[in-house]
Amino acid sequence: MKDQTQRAGAFLLAAVAAVFVFTSVSFGADGKTEEDGKFSDKDGNPTYNIKPDGTTDWYTFSGFRRYHAECHVCHGPEGLGSTYAPALVDSVKTLSYEDFQAVIIQGKRRIGASENSVMPSFGTNRNVVCYLDDIWIYLKARSDGAIPPGRPAKKDPPSAVFKQNEEACLKP
């Protein structure tokens, strides 16, 4: 069953990656790049962009929505953790983006004398996999203190590329 889940997750991730098309790129003084409303850090990992007036980029806002729809139940509001699952705002301080993806897609199990924790695989859940970057971006913004708790009050609109990618990823 684990192999099936891993294969399904890898297939879905490959399908998601195959639909991403970018048309315009800009570079900032902070090392961030921007492609059609999506920002990356100097290492190429997805990241947030918060304007001086508090307006969030669309991906951060989308991550807020997806986190609270899919992850909030176990990991608590705002990524702050619960008695059931750890605080993800703490985890993303040391977890690489690649490791984050692997845990979400494959799941994780820690069983020992003092611990018994299981993170199920979400590799076949399109409501999670299609928005992995968004969830990561939101959690990084919360972890870095770039956005306060609660629903972002102002947001940029989604780009045409975001809408195309979302439609392609969610298509059965």
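Are C130 and C169 buried or exposed? Both C130 and C169 are buried, where buried means under 20% relative accessible area, exposed means over 50%, and partly exposed lies in between, using a 1.4 Å probe and protein chains only. Welcome to this structure, which is a predicted model: local features need pLDDT of at least 70, side-chain atom pairs count only at pLDDT 80 or more, and totals for chains, interfaces and linings use all residues. Residues are numbered from 1 along each chain as its sequence is written, and side-chain values use heavy atoms, with hydrogens and water left out.

**The chain as a whole**

- The chain's secondary structure comes to 8 helices and 6 strands; helices (H or I, at least four residues) and strands (E, at least two) are DSSP runs, numbered from the N terminus.
- Reading from the N terminus, the elements follow the order α-β-β-β-β-α-α-α-α-β-β-α-α-α.
- The chain has 172 residues, and 41% of them count as buried.
- Among contacts in the chain with a separation of 6 or more, 58% involve residues 24 or more positions apart; contact here means heavy atoms within 4.5 Å.

**The disulfide and two other cysteines**

- A disulfide is a covalent bond between the sulfur atoms of two cysteines.
- A search of the whole structure turns up 1 disulfide, defined as a pair of cysteine sulfur atoms within 2.5 Å.
- This disulfide joins C130 to C169, with an S to S distance of 1.8 Å.
- C130 sits in the loop between α6 (126–129) and α7 (132–143) while C169 is in helix α8 (residues 160–170), so the pair ties together parts that are 39 residues apart in sequence.
- The disulfide is left-handed because the torsion about the S-S bond of C130 and C169 is about -85°.
- C71 is in no disulfide, and its nearest cysteine sulfur, that of C74, is 8.7 Å away.
- C74 is likewise in no disulfide, the nearest cysteine sulfur being that of C71 at 8.7 Å.
- C71 is buried, with a relative accessible area of 14%, whereas C74 is partly exposed at 30%.

**The largest pocket**

- Rolling a probe the size of a water molecule over the atoms shows where empty space is left.
- The largest pocket has a volume of about 600 Å³, a volume being the space filled by probe spheres set on grid points that are joined across faces, edges and corners.
- On a 1 Å grid over the protein atoms alone, a pocket is an open set of points with protein on both sides within 12 Å along at least five of seven lines, and its lining residues have an atom within 4 Å of a point.
- The largest pocket is lined by 27 residues, and the closest to its centre are H75, P86, L88, V103 and M119.
- At least two lining residues each come from α3 (72–75), α4 (88–94), α5 (97–106), β5 (108–111), β6 (116–119) and α7.
- β6 gives the largest share of this lining, 4 residues.
- By class, the lining of the largest pocket has 19 nonpolar, 4 polar and 4 charged residues; Ala, Val, Leu, Ile, Met, Phe, Trp, Tyr, Cys and Pro count as nonpolar, Asp, Glu, Lys and Arg as charged, and the others, Gly among them, as polar.

**Residues to look up**

- T60 belongs to helix α2 (residues 58–70) and counts as buried at 0% relative accessibility.
- The side chain of T60 makes a polar contact with the side chain of D57 at 2.6 Å; a polar contact is a pair of N or O atoms within 3.5 Å, where within protein one must be able to donate a hydrogen and the other to accept it, and residues adjacent in sequence count only if both atoms are side-chain atoms.
- Leaving aside neighbours within four places in sequence, T60 is in contact with residues including Y48, I137 and I147.
- E78 lies in the loop between α3 and α4 and counts as buried at 12% relative accessibility.
- A polar atom of the E78 side chain is 2.9 Å from the backbone nitrogen of G150.
- N127 is found in helix α6 and is partly exposed, with a relative accessible area of 35%.
- N127 and E70 are 57 residues apart in sequence, yet 7.6 Å apart in space, C-alpha to C-alpha.
- D36, in the loop between β2 (33–35) and β3 (38–40), has a positive phi of about 50° although it is not a glycine.

Terms used: 1 Å grid on protein atoms, 1.4 Å probe; cavity = no way out; pocket = protein on both sides within 12 Å on 5 of 7 lines; lining within 4 Å.
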